Structures are given as C-alpha cells and as structure tokens.
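Here is a short tour of one structure, for you to follow with the model open beside the text. We begin at a single side chain and then move to the strands around it.

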Amino acid sequence: MPSRFLEQLAKRVLVFDGAMGTATHELDLDIERDFWGRENCPEVLVLSRPEAIRDIHAGHLAAGADCVETDTFGGMAHVLAEFDLADRCEEICKRAAEVAREAAGAASTPDRPRFVVGSLGPGTKLGSLGQITWQELHDSYARAADGLVQGGADALIIETCQDPMQVKAVLNGCLHAIANNGKTPGDVPILVSLTIETMGTMLVGASIEAACAILRGMPIAGLSLNCATGPTEMAESLAYMSRHWDGPIGCIPNAGLPALVEGRADFPLR
C-alpha cells in the first residue's frame, strides 16, 4: 500500500514551502548563543532554537504549503564535520524531522494532511570532481537519512543536485537508511530535485536529457527542478521532463534570478 504522501501526490499538486536558509537569517538570532558560533550552520537551530524553526514551518503551512522541508539541507555528516558536528548528524536530523512533524501535525486536517519532507542538499563536495568518494557520499547521506526517517519524515528529497554520480550514491544511501528502519521506498518515498544552471546544464556539465536517462528506472517517486534560476528559466527543462520522465514532476524555483542589492541577495519575484 502506498504511503499517504504518494496517495495525495497521485491526486493533486502538492505545494512545497519556501526557503529555510533565508528565513533563519531574517530572525533576530545571536551567533554565539543560537548558532553555537557556527554562523553558516542553520542546522544547529533545531537543537538550540527548535521553537524558531517550528515557527518557520508553521508560517509556511499557514501560507498554504502542503509540505515542509526539514532544516537539514546541510545535515549530512561530511558537511557537519566542517563545523565539528559530524558526531551529531543523526541527532540533528532526527530532531529536525520531529520539529517539522509537530508543525505539520498541528496544521493537518482529515481532508488535507500536511507532510514532512526530509531535506538532503548537495553538500560541499562533488564526486565527479574527485572531491569525495562514492562510499563517503553513501555513508554520510545514509546517516542523515537514518535520522530523518527515525524522526518521522514522510518522504526524503535529494535536492539541488548538481552531479548525477552524487544522486546515485545518495539514493543508495537513502535506500540503506530506509531499509535499516524496517521500511521500504513505498513507506518513505524518495524525491530527486535537479539544479540546471543558467547555461542549461548541471554544474558538472550534464544536460537534463542525460540526467533523465541516467536516473530512469531508479526508485524515484518524483523528479523536480529547484534553485539556480527562476521559473521562467526552468520552462524548457520542465517541458522536456514532462515529455520524457515517467512519473510526477515538480518545480521549486528561486523567486527569480537573485541580484545583489545593498550587499544582500534580492529576489525580484519575492
């Protein structure tokens, strides 16, 4: 029997939330107290300020989101290692899913359930560039996915993907974590979201055609595009996916192409 997430996805469009990173930077937070001195590691906030993260989720749900992504975009062990937090990977990811679950549960109704999607970002190292091995990617993401599944994530999303080799390693890590928790991809579906840059390819040079061909046949519940560009620039790649990807597709764009205004990134469609 498919998960309720897959049941709803088969019936209607599911709306995802807004950006977690920019939302946390708009809060009045103290670098030492709230970020534990780790300014570029918003994942620590699920431990130091869980109520703040819960409020962000609640705000997105109140605005109409069906799905909230966990505050774990950089929650993989090899990324957390850069902040001396690798040993807390599972703890952070589990707590992030629990916090999101609290907000989603409060907003859910029998007619409109809300879902928690465990976020797994691209990390800081790409396998195709020789910066990290397949096994290191697999193991790092497996640990994060394990925490997310334990915390109650309804689905996982491997997002902002810039390297097909990375996607395959991460996907296998997620499958390992799901099985390790006695579940299947039918219980905890895995979504993949690619990032096509303004030059029309992924960061390592793979086209949308190549990415679809590489990923076809893998246990992916939905394929989408996110980040890098606004919705207009995604149109051509989305059109290709709609014709050539046999399954649900999605679009999670930036609010237009960012521009630097007074030293800060400004999104024109925000």
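Setting aside neighbours within four places in sequence, Asp163 is in contact with Leu126, Gly127, Ser128, Met202 and Val204, where contact means heavy atoms within 4.5 Å. Before going further, note that this is a predicted model, in which local features need pLDDT of at least 70 and side-chain atom pairs count only at pLDDT 80 or more, while totals for chains, interfaces and linings use all residues. Residues are numbered from 1 along each chain as its sequence is written, and side-chain values use heavy atoms, with hydrogens and water left out.

Asp163 sits in the loop between β3 and α8; helices (H or I, at least four residues) and strands (E, at least two) are DSSP runs, numbered from the N terminus. Asp163 is buried, with a relative accessible area of 0%; buried means under 20% relative accessible area, exposed over 50% and partly exposed in between (1.4 Å probe, protein chains only). Its C-alpha atom is 7.5 Å from that of Ala206, a residue 43 residues away along the chain.

| Asp163 group | Partner | Distance |
|---|---|---|
| Asp163 side chain | Ser128 side chain | 2.6 Å |

Now to the strands. β4 (residues 190–194) is mostly covered, with 5 of its 5 residues buried. Ile190, Val192 and Leu194 lie on one side, Leu191 and Ser193 on the other, and all are buried. β4 pairs in the parallel sense with β3 (residues 155–161) over 4 bridges; two strands pair if DSSP finds at least two bridges between them. Within this pairing, Leu156 stands opposite Ile190. Strand β5 (residues 222–226) also runs parallel to β4, joined by 4 bridges, and here Leu194 stands opposite Leu225.

What does Val192 touch, not counting residues up to four places away in sequence? The list is Ile158, Cys161, Val167, Leu215, Ile220, Gly222, Leu223 and Ser224.

Conventions:
A polar contact is a pair of N or O atoms within 3.5 Å; within protein, one must be able to donate a hydrogen and the other to accept it, and residues adjacent in sequence count only if both atoms are side-chain atoms.
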